[in-house]
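Q: I'd like a close look at one part of this model, the pockets and what lines them. Take your time and walk me through it.

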Amino acid sequence: MLQEISLAGKTALVTGGATGIGFAIAEEMADAGAHVVIVGRREEKLKEAAEKLGDKCSWYKFDVTETEKHAEFIQMLEDQAPLDILVNTAGINNKKDYFDFTAEEFDEIVATQAKAPFMLSQEVARHMKERKKGCIILISSLASILGMHEIQAYTVCKSGMKGLARSLARDLG
């Protein structure tokens, strides 16, 4: 990467950091000097990603949908090093016809891509607010603008991330 910024001395938590966009973001942040903490549900993928990222990475098997565990988990991380950056990239999708979606399938997508980032950001922001610094990144999608075929539940969540980002910018500064 052409290094335009330095994240030396910073700690970044990247949800869904073992694969896809999450891994790419974690890789760029590590290249910029940050210590990157990646979390996800698939231990093998986390191990593979951590090996690629090297000594600037630690990993934890953690399901972001288990919101009742957020406070304890974030406190454990904060006790090791203050979190400077949170990147919410964990996500799932279920591409199917709108009329075939069940309430359970919808709830699973919302739990991962709307409720989890909302609640995890809230927990991390508590610590950032005390320090009067920090950065929370929420990942949206072109689907929130264009509307795309057979991903309505995903689109609902990604549209929500845009609104949440605007609201947090106002509330947290």
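By class, how many nonpolar, polar and charged residues does the lining of the second largest pocket have?

A: Keep in mind that this is a predicted model. The lining of the second largest pocket has nine nonpolar residues, two polar ones and four charged ones. That makes 15 lining residues in total, around a volume of about 330 Å³. If you want to find the centre, look for Gly134, Ile136, Leu168, Leu172 and Gly173, which lie nearest to it. As for where the lining comes from, α4, β5 and α6 each supply at least two residues, and α6 has the largest share, with five.

Now for the largest pocket. Its volume is about 470 Å³. Its lining takes in 26 residues, with Gly16, Thr19, Thr89, Ala90 and Gly91 the closest to the centre. Two or more residues come from each of α1 (20-31), β2 (35-40), α2 (43-53), α4 (103-131) and α6 (152-172). Here α1 gives the most, with three residues. By class, this lining splits into ten nonpolar, eleven polar and five charged residues.

The model has seven salt bridges by count. In helix α2, Glu43 and Lys47 sit four residues apart, about one turn of the helix, and their closest N and O atoms are 3.3 Å apart. Glu43 counts as partly exposed because its relative accessibility is 33%, and Lys47 is partly exposed too, at 36%.

Helix α4 has a pair of its own: Arg126 and Glu123 are three residues apart, about one turn of the helix, and they meet in a salt bridge at 3.5 Å, N to O. Arg126, at 45% relative accessibility, is partly exposed, whereas Glu123 counts as buried because it has 14%, and buried means under 20%.

One more bridge pairs Asp63 with Arg41, at 3.8 Å from N to O. This pair links distant parts of the chain, 22 residues apart: Asp63 is in the loop between β3 (57-61) and α3 (70-80), and Arg41 is in the loop between β2 and α2. Asp63 counts as buried at 19% relative accessibility, while Arg41 is partly exposed at 39%.

Note on methods:
Residues are numbered from 1 along each chain as its sequence is written. This is a predicted model: local features need pLDDT of at least 70, side-chain atom pairs count only at pLDDT 80 or more; totals for chains, interfaces and linings use all residues. Side-chain values use heavy atoms; hydrogens and water are left out. On a 1 Å grid over the protein atoms alone, a cavity is a set of points where a 1.4 Å probe fits but cannot get out, and a pocket is an open set with protein on both sides within 12 Å along at least five of seven lines; lining residues have an atom within 4 Å of a point. Grid points are joined across faces, edges and corners, and a volume is the space filled by probe spheres set on the points. Ala, Val, Leu, Ile, Met, Phe, Trp, Tyr, Cys and Pro count as nonpolar, Asp, Glu, Lys and Arg as charged, and the others, Gly among them, as polar. A salt bridge is a side-chain nitrogen of Lys or Arg within 4 Å of a carboxyl oxygen of Asp or Glu. Buried means under 20% relative accessible area, exposed over 50%, partly exposed in between (1.4 Å probe, protein chains only).
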